[in-house]
Structures are given as structure tokens and as C-alpha cells.
Amino acid sequence: MRRLIEFVVRFKNYITLSTLVVMSFALMSVGNLSQLGGFRAVIVGSIGWMQSLFAWIPNPVALKSENVALRELNLQLAVESARSRQSMVENSTLRKMLELPQYTDYTLIAADVVGKTTTQLRNYATINKGTKDGVREGMSCITDAGLVGIVIGASQHYAVLQLLINRDTRVSAKDQRTRVDGIIQWEGENFLVLKDVPRAYDVQAGDLILTSSYSARYPANIVIGRVVDVGDESNSLFRRIVVEAAVNFATLEQLFVVDTRSSSERAELERLTDERQRQRSTP
Amino acid sequence: MALNFDVQRSHLMATPSLRFILYAVVALILAVIHVVFLGYISVSSVTPDLLLLFTVWVALVEGQFTGMVAGFLCGLLFDVVSADVLGANALAKTLAGFTAGYFWREGFAMVTIGHYRYLMIVAIAGVIHNLVYYLLYVQPMQIDFLMFFLKYGVATTLYSTVAAVFPMLYVNRRRDQ
């Protein structure tokens, strides 16, 4: 017994280190903060409240970047405005002719970004709308430019978004021109990568990438970004397609939460099919 | 004379329980400052790691054992307030505290912190911290770890080392008084 105590005293630093390392890995295996439920809502609310208190402090770097972006946007909008006037007339006529169903109008909840955690690559944002305003976990967020991210937690007055430029984000996407499908993932800075596109498929630089209707989490046909580079992945049958996000996350201040609730009928059908497949594969 | 400046000077610092409560309060304040204010001084999304500086400080003042525990708790606190994966920062900061603890010399804490050695210790602990943290960070992504570490890990370490100049100068100045 004395020897054991002597051993523990002698190697207490290494024993403590091993214990803490094991505890850290155990915590990591538990998963992210969303599994802490109510505790998380308290943290989100408190941090959001503190960030909103200091949201009035201007960030000169972000302001300069926002000015440049707004000037470019203004120029683009002037051109787009003229085009869209003509397109609206054409569109209306064509819809009537083809009897296309009207697109579903999503309910949008306007929100201000009161805090951003883009430091050290933890790309989350806090908005000043919460469960009281109808914001729920799993709702997606957009701006006029395109897809921003998804709500991963909400308290009464605040919600936290996982931005598109987050390592955990996966979005089912398609090429607007060729309808080629793939999965959008973030790989650093403002660039995304469209994965799982075979080499034989037609995707070119300049193509617009939209959310796919395959996704139950994101509404379909929301702009994600534009293809800036197409190459071939080494030792792979797939292409490496680099996409520049449409949204400028550095200057993100206002956004809309899209009140989409995925169809319970669809979710139920997909769940039943999964179960049936699993039963068939079990001997 | 210089050594007398050490923790024995005030009653607060001489009482271990009060000292540890003070450490907890400082860690909480630093975590909140990090999340709420550090975006204003970020350079290309890189910010100094205030809790790493604090972990190194505690390890140099209290020793390796306390440094490790402080690193674990600071990391856990940061994981909670920054909505990160629980345990990632805790692991990285535990190892940083363990590394910094090797430089602990009884009664010489403020001499070490008020010297350039503190910057070197922060840099070494920072490299260990960021190696571990970014290794865990890039795991779910299909990107080259080395390039990612050279880009973000080294930059974060350098920025933290630069920020460590302030506590170093503060201690240096107080020691001279």
C-alpha cells in the first residue's frame, strides 16, 4: 500500500495528465454542445445578450470591406434590375402558358447578427431572434446573396447559427446549368468544395451552385455560390470543384431565417425505407 | 528583493483558496472577453488565445500539476462559451499547461514571467496547443493538415506570443517598483 502511495505521489503529474486526456476524449465522444440541451440555451442567451450590448462598436476592417462589397452589389443590382424587369414579363407569360405551379412562398423572419465567432475558425453567428419569434433549431438562414447556414440552437431571444463556412456543414447541392448533384463542404476561407461529382460530368467555372431539393434541411434553389475552379482529384474518379460562397460572411449583419418545416410525411417515408433496407440486409 | 514581489506580498495571494477563486474569476472574464471582444482585433480570423496565456501563467506560478488542471478547466470553459466541440480545447490546453509546467521554478515565477523567457514558453506551449487543436479540428475535413497548421496554427501562436508581451511588461514593471 505504501509503495502504491509512493508511486502515485511520484508520478502524480503523469497520472493527472493521462486522466485529463482521457476525460477530454470522453467529452469529445459525447459530441457537441447541442446535447447539453437547456444548459446550452442559457449559454447562448447570455453570450448573445453580451454580444448585443457591444454590437454598436464599429469594426473598421469589416466596415471597409462592407463598403466595397456594397458598391459592387450596387453596380450589379443596377444591371440586374434592368434585366429582371424584362424577365418578369417573360416569366409571367411562360408560367401561364405552361401552367407551372407557383413557387411556395417561405415565411421569412428578419434578424440582426449580434455576434460572430469567426475567430480561430469557429464559424458561428448569434442572431437577435429566438424561440419567441418562431425561430427553431434546424431552420436555415439566407440573405439576398444566398445561403448563410442553419440554426443549431435557440433560446427565447437569441439563436446560434452554424455558418456555411463551418467544418461540420454538408449541403446537398446542384449545378444550375447542368443539374449535376454533389455535396457542398467547407475547406477554409470563403471557399467551398462541391464533392462527389464524377469526372465525366459537365461542370464549368462560372456555373451557379444552388441547394438541391434532395435536402430535407435546406430549402431548394437557394444560391450557395459560383464555381471558380474545376480540376481533377488525384487518384480519384471525382472532380475537385471549388465554389466561392455567394455570401460575404465577414460583413454579415442582417439575414432572414427561413421558416421551413420539413414534411413529416417525407421524413416518415424515408425513415421507414431505411428501416426496411436494414431489415433486408440483416441475415 | 525581486523575489519578494512574488505571491507572498498580499494576503489574497498568500491564501491558496482565495487565489484559486481569483484564478476562476479571471478565467471566466478572459473567456467572455475572447468571445465578445476579440473579433475587433482579429487579423484574417486569427486572434490571440488569452486563455492559453493564462494557463501558462498559472503553470509558471503554481507548477505543472495546477497548470494542467487549470488548462483543462480553461479549455472546457472556452469550449462551452465558444460553442465548440466539448473537450477539444480542454485537451489542447491541458497539454499546454503540462508543457509550461516544465519551466516552473519555485519562488521564481515572477522572474520568469517578467523575462523574455515567458514569451518563449508561450510560443512553445502555443505550438503544442495548436498542433493538437488543429489536428482534431481538421479531422472531419479532407484537407492537408500541415498546410492548415502552417496557415492558422503558426499565425495564432505568433499572435498569442505578441499578446504575451503585455503581461511580461506588466510584471517586469511591477517588479522594478
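**Group meeting: salt bridges, interface and cores**

Let me start with one residue, Asp202(A). Its relative accessibility is 34%, so Asp202(A) counts as partly exposed. Keep in mind that this is a predicted model.

What does Asp202(A) pair with in a salt bridge? The partner is Arg177(A), with N and O 3.1 Å apart. Arg177(A) sits in the loop between strand 6 (170-175) and strand 7 (181-186) of chain A. Asp202(A) sits in the loop between strand 8 (191-195) and strand 9 of chain A. The two are 25 residues apart, and the pair links distant parts of the chain.

Arg177(A) also forms a salt bridge with Asp207(A). Here the closest N and O atoms are 2.9 Å apart. Asp207(A) lies in the loop between strand 8 and strand 9 of chain A, so this pair ties together parts 30 residues apart in sequence.

Now, accessibility. Is Asp207(A) buried or exposed? Asp207(A) is at 6% relative accessibility, and the cut-off for buried is under 20%, so Asp207(A) counts as buried. Arg177(A) is at 42%, which means partly exposed. Put together, Arg177(A), Asp202(A) and Asp207(A) are linked in a network of salt bridges.

How many salt bridges are there over all chains? The count comes to five. One of them is in chain B, between Glu62(B) and Arg19(B), at 2.7 Å from N to O. Glu62(B) is in helix 3 (residues 50-62) and Arg19(B) is in helix 2 of chain B. They are 43 residues apart. Glu62(B) and Arg19(B) are both buried.

Next, the interface. On the chain B side, 47 residues are in contact with 39 residues of chain A. The two chains bury about 4,100 Å² between them. Of that area, 66% is on carbon and sulfur atoms. Which residues of chain B lose the most area to chain A? They are Tyr40(B), Leu86(B) and Tyr137(B), together 16% of what that side buries.

Five helices of chain B each supply at least two residues to the side that touches chain A: helix 2 (16-37), helix 4 (64-81), helix 5 (88-101), helix 7 (116-137) and helix 8 (145-163). Helix 4 gives the most, with 10 residues. By class, that side of chain B has 31 nonpolar, 12 polar and four charged residues.

On to the cores. The largest nonpolar core has 70 residues. Among those with the most contacts inside it are Val148(A), Ile184(A), Leu192(A) and Phe249(A). Helix 5 of chain B provides the largest share of this core, six residues. A second, separate core has 41 residues, including Leu50(B), Val61(B), Ala100(B) and Met110(B). Back to Leu192(A): setting aside neighbours within four places in sequence, its contacts include Leu164(A), Trp186(A), Ile224(A) and Val243(A).

Ser212(A) is in the loop between strand 9 (208-211) and strand 10 (223-232) of chain A. Why does Ser212(A) count as buried? Because its relative accessibility is 2%, and buried means under 20%. A polar atom of the Ser212(A) side chain lies 2.9 Å from the backbone nitrogen of Tyr214(A). Beyond neighbours within four places in sequence, Ser212(A) is in contact with Ser172(A), Ala173(A), Lys174(A), Asp181(A), Tyr218(A) and Ala220(A).

Key
Residues numbered from 1 in each chain as written. Chains lettered and ligands numbered in written order. Predicted model: local features only at pLDDT ≥ 70, side-chain atom pairs only at ≥ 80, totals over all residues. Heavy atoms only, no water. Contact = heavy atoms within 4.5 Å. Buried area = accessible area lost by both parts, 1.4 Å probe. Helix = DSSP H or I, 4+ residues; strand = E, 2+ residues; numbered from the N terminus. Nonpolar A, V, L, I, M, F, W, Y, C, P; charged D, E, K, R; others polar. Core = buried A, V, L, I, M, F, W, Y, C linked by side-chain atoms within 4.5 Å. Buried < 20%, exposed > 50% of the residue type's maximum accessible area, 1.4 Å probe, protein only. Polar contact = N/O pair within 3.5 Å; in protein donor to acceptor, adjacent residues only side chain to side chain. Salt bridge = Lys/Arg side-chain N within 4 Å of Asp/Glu carboxyl O.
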